[in-house]
Amino acid sequence: MERSFLTIDAGVNDTVIKALSAPGRLQLLKLLCSKGPMNVNDMARALSLPQSTVATGIQILEEVGLVESRLAKGRKGNQKICSAVYDEILISFEDKSVNKADDVIEVEMPVGLYTSCDIHAPCGLCSSDSVIGLLDVPDYFLDPQRMQAGLVWFGRGFVEYKFPNNAKVLNKDVRAIEFSMELSSEVPGTNPDWPSDITLWVNGMPVGTWTSPGDYGDKRGAYTPGWWKLEGSQYGKLKTWRISTRGTFIDGVSTSNVTVGDLALEKHSSIRLRVGIAENAGHTGGVNIFGRGFGNYGRDIVMRLYI
């Protein structure tokens, strides 16, 4: 079975680190990782801890997405079966503000801050606190509250963002441009076998298509809030499109011959990024775009200009 990992930023993920700060909760995680799913009574016996202590510890670990639980029939009614979400957790102490290269300009764009869209149901938006507007009503994609969105999804169409072209402001040439975001397919409910051809356009030019394998809901996303239903999309895959002088690559794999020179960045004060499903797509399985407060990475759409 594939092992699952979580990397957390020591400067961002304070709630997760606090959950890991108690020796008793660490014991619970180690037990679930080594023994597999267990109920509260069995964990209490294995660790010689009061049942109330175990129940409180599990609740805290559930709230930060490190443990997930389900109800199952026991000899006397229902019992709560708990599982560890991750096999390994890495805490990063890297100071990104210090280590960021002088020749890289990075901008993070909230997933709800798109400037134009063409949306077809199923569709919706969520902030970290609640659903925005009504589900499956494309008109709500124009609601000003969209700026609070941490999750955006739709079956067909696109959303388009305008990034500032800071290289033009600095009068610098761009040798490469990257866009990174967490994505998955979109299906009512979830389905890990639901392929979707997700395309990126930059300044109106299609630069590359990634086929998402499915829509994931087997476990709660590391940042997905507890109120969001488990039957809904939980997380995606972090994908990076890089357009350089040699062509376009997705996670290092060549995907098209479009070069950074083809984008004519020096002529525009903004850089338009469109994310969506092309009209001629072979797999029209929709798209989820995960931003801050959702998914496994807790970041919005990131653009990097290499100058």
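What follows is a walk through some of the sheets, helices and ring pairs of this predicted model.

A word on ground rules: this is a prediction, so local features need pLDDT of at least 70 and side-chain atom pairs count only at pLDDT 80 or more, while totals for chains, interfaces and linings use all residues. Numbering starts from 1 along each chain as its sequence is written, and side-chain values use heavy atoms, with hydrogens and water left out.

Strands here are DSSP E runs of at least two residues, helices are H or I runs of at least four, and both are numbered from the N terminus. Three strands make an open sheet in the order S2-S4-S3, with antiparallel pairing; to count as paired, two strands need at least two bridges between them in DSSP. Strand S2 (38–39) and strand S3 (67–74) sit at the edges, each pairing on one side only. The antiparallel pairing of S2 with strand S4 (residues 77–84) runs over two bridges, and Met-38 stands opposite Cys-82 in S4. Helix H2 (residues 23–35) packs on this sheet and touches S2, S3 and S4, its direction making about 95° with that of S4. Contact, here and below, means heavy atoms within 4.5 Å.

H2 has a helical neighbour too. Its axis and that of helix H3 (residues 40–47) come within 11 Å and cross at roughly 110°. Axes are lines fitted to C-alpha atoms, for helices over the stretch in contact, and angles run from 0 to 180 degrees between N-to-C directions. The two helices, H2 and H3, are therefore roughly perpendicular to each other, a label that covers 65 to 115 degrees. Gln-27, Leu-28, Leu-31 and Leu-32 of H2 meet Met-43, Ala-46 and Leu-47 of H3. By class, that contact has six nonpolar residues, one polar and no charged ones (nonpolar: Ala, Val, Leu, Ile, Met, Phe, Trp, Tyr, Cys and Pro; charged: Asp, Glu, Lys and Arg; polar: the others, Gly among them).

Now for the rings. The structure holds seven aromatic pairs, a pair being two rings of Phe, Tyr or Trp (its six-membered ring) with centres within 6.5 Å; planes under 30 degrees apart are stacked, over 60 edge-to-face, and the rest tilted. Phe-163 and Phe-179 form an edge-to-face pair, because their ring centres are 5.7 Å apart and their planes stand at 65°. Phe-163 lies in strand S9 (residues 151–164) and Phe-179 in strand S10 (residues 176–184), so this pair ties together parts that are 16 residues apart in sequence. Both Phe-163 and Phe-179 are buried, that is, under 20% relative accessible area, with exposed being over 50% and partly exposed in between (1.4 Å probe, protein chains only).

Tyr-216 and Tyr-235 give a stacked pair, 5.3 Å centre to centre with 10° between the planes. Both tyrosines lie in the loop between strand S12 (205–212) and strand S13 (237–244), so the pair ties together parts 19 residues apart in sequence. Tyr-216 and Tyr-235 are buried as well. Elsewhere, ring pairs link Trp-153, Trp-227, Trp-228 and Phe-294 into a cluster.

S12 also takes part in a hairpin with S11, with two residues between the strands; Asn-203 in the turn has a positive phi of about 50°. Strand S11 (residues 196–202) and S12 pair in the antiparallel sense over seven bridges, and Val-202 has Met-205 in S12 as its bridge partner.

Last stop: Leu-238, in strand S13. Leu-238 counts as partly exposed because its relative accessibility is 40%. Glu-182 is 56 residues away from Leu-238 in sequence, but 4.2 Å away in space, C-alpha to C-alpha. Leaving aside neighbours within four places in sequence, Leu-238 is in contact with Met-181, Glu-182, Asp-251 and Tyr-297.

Key: Parallel < 35°, antiparallel > 145°, perpendicular 65-115°, else oblique.
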